[in-house]
Amino acid sequence: MLLKNLKTIVILVTMKCNCSCAHCFYFNKNSKPDPIDPDIIEEALKSIDGQHNILNVHFAGGEPFYCYDVMLESIERCKKFGINNFSLSTNGILAGDPDITHEKLTELRELGVNSIGVSADAFHQQVVPIENVFNILRDGNAKWYTGDLNISTYAAPTYIGYSTYDCPSNRKTNEILRKIYNEEYWAMPGVAGAHGRSISIIPKELYVNKKLDRRCWEFNFGCLHPEGPTGVLIDPSGYVDGCFGVPLGNLYKESMLDMFQRYFDNPGPIISTLHKEGALGLKRLAVERGFKAADAYYDECHLCRMARNYLRKCCFEEFGEFLNPSSCYPPVVDDKEHRFEDWNPIEAEK
């Protein structure tokens, strides 16, 4: 079996979103406002049929409920290939009406959606009323029980740096989380990874890691493992990402099977360097081309991201095709003194 490691596919239903969260993986979410085409999902799964161990398909965005019918159709396409377990992430913006929320979540559960995470933190509650979050949690009956614990529906708060790092954003997230816990609902907190916008909000005092020699799959759930990634992400533009901004290929240009075969044989300079040397290898490539590396970074993902930002901007002819989609990379000014880490996503949205 060629793709024995492949357990999960994440499908970005749409890049449309009502939020502009400072920790988002994407910089320009509306660069392709159209939803994903279910046909490319079906063709992708058809090309690898019998070659994988996919256990779950996760739907996200953007905000997937903006294209609810497309999500339903995508589920049906997946079920053609024996995939019957699904999950999704939402920010809850379309859960203002409890009755409509119940109707949609009931339909999704009947189709096999057995895990629903709703964002609840200082980022999302700038836009989404906390009552919307509770409408989803109440419908899922996701409570702490004396006996069995039902976590099929849960709140998903995100912290900056780490959960106990003291800053205004984390304090606000804790206030929101306290409300959720006081109602006895379940939450699965996470930390903003240094993949996208969060680079600009992770405090520089946390840039203390210098060794940075771990490989992606050693600390990030099998990401980009040389023997095959445990999960990939498909976006509306057709890119199949092994990690955010590191594509295996594009479904509008080739089959998923073809891009996986290339992944094993000749994956290109970015992925092959990550396989052999990790983030330090990308640092080497970038430094050889003029990148001024810092003494320390938040983690390997942070170093990898900064090196890739530089390679895409300053060496596009050499590396550009291997660093997509563009929505994973910050817009930059034509200024030799400009530094990616100084880009402020909040100011840029104004």
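**View 1. Phe244 and its edge-to-face partner, Tyr26.** In this predicted model, Phe244 is buried, its relative accessible area being 17%. The buried cut-off is under 20%, so Phe244 falls within it. Look next at Tyr26, also counted as buried, at 2% relative accessibility. A search of the whole structure turns up eight aromatic pairs. One of them joins these two residues: the ring centres of Tyr26 and Phe244 are 5.8 Å apart and the planes stand at 75 degrees, so the pair is edge-to-face. Tyr26 sits in the loop between strand E1 (8-14) and helix H1 (38-47), and Phe244 in the loop between strand E9 (239-243) and strand E10 (246-250), so the pair ties together parts 218 residues apart in sequence.

**View 2. A tilted pair, Phe134 with Tyr185.** Here the ring centres lie 6.0 Å apart, with the planes at 55 degrees, so this pair is tilted. Phe134 belongs to helix H4 (residues 130-140), while Tyr185 is in the loop between helix H5 (168-182) and strand E7 (190-191); the pair therefore ties together parts 51 residues apart in sequence. Phe134 counts as buried at 7% relative accessibility, and Tyr185 counts as buried at 6%.

**View 3. Helix H2 passing helix H3 in a left-handed crossing.** The axes of H2 (residues 68-79) and H3 (residues 98-110) come within 11 Å and cross at roughly 15 degrees. That makes H2 roughly parallel to H3. To follow the contact, find Tyr68, Met71, Leu72 and Ile75 on H2, and Lys104, Glu107 and Leu108 on H3. By class, five of the contact residues are nonpolar, none polar and two charged.

Key. Residues numbered from 1 in each chain as written. Predicted model: local features only at pLDDT ≥ 70, side-chain atom pairs only at ≥ 80, totals over all residues. Heavy atoms only, no water. Axes fitted to C-alpha atoms, helices over the stretch in contact; angles between N-to-C directions. Helix = DSSP H or I, 4+ residues; strand = E, 2+ residues; numbered from the N terminus. Parallel < 35°, antiparallel > 145°, perpendicular 65-115°, else oblique. Left-handed = near helix turned anticlockwise from the far one by under 90°. Contact = heavy atoms within 4.5 Å. Nonpolar A, V, L, I, M, F, W, Y, C, P; charged D, E, K, R; others polar. Phe/Tyr/Trp six-rings, centres within 6.5 Å; stacked < 30°, edge-to-face > 60°. Buried < 20%, exposed > 50% of the residue type's maximum accessible area, 1.4 Å probe, protein only.
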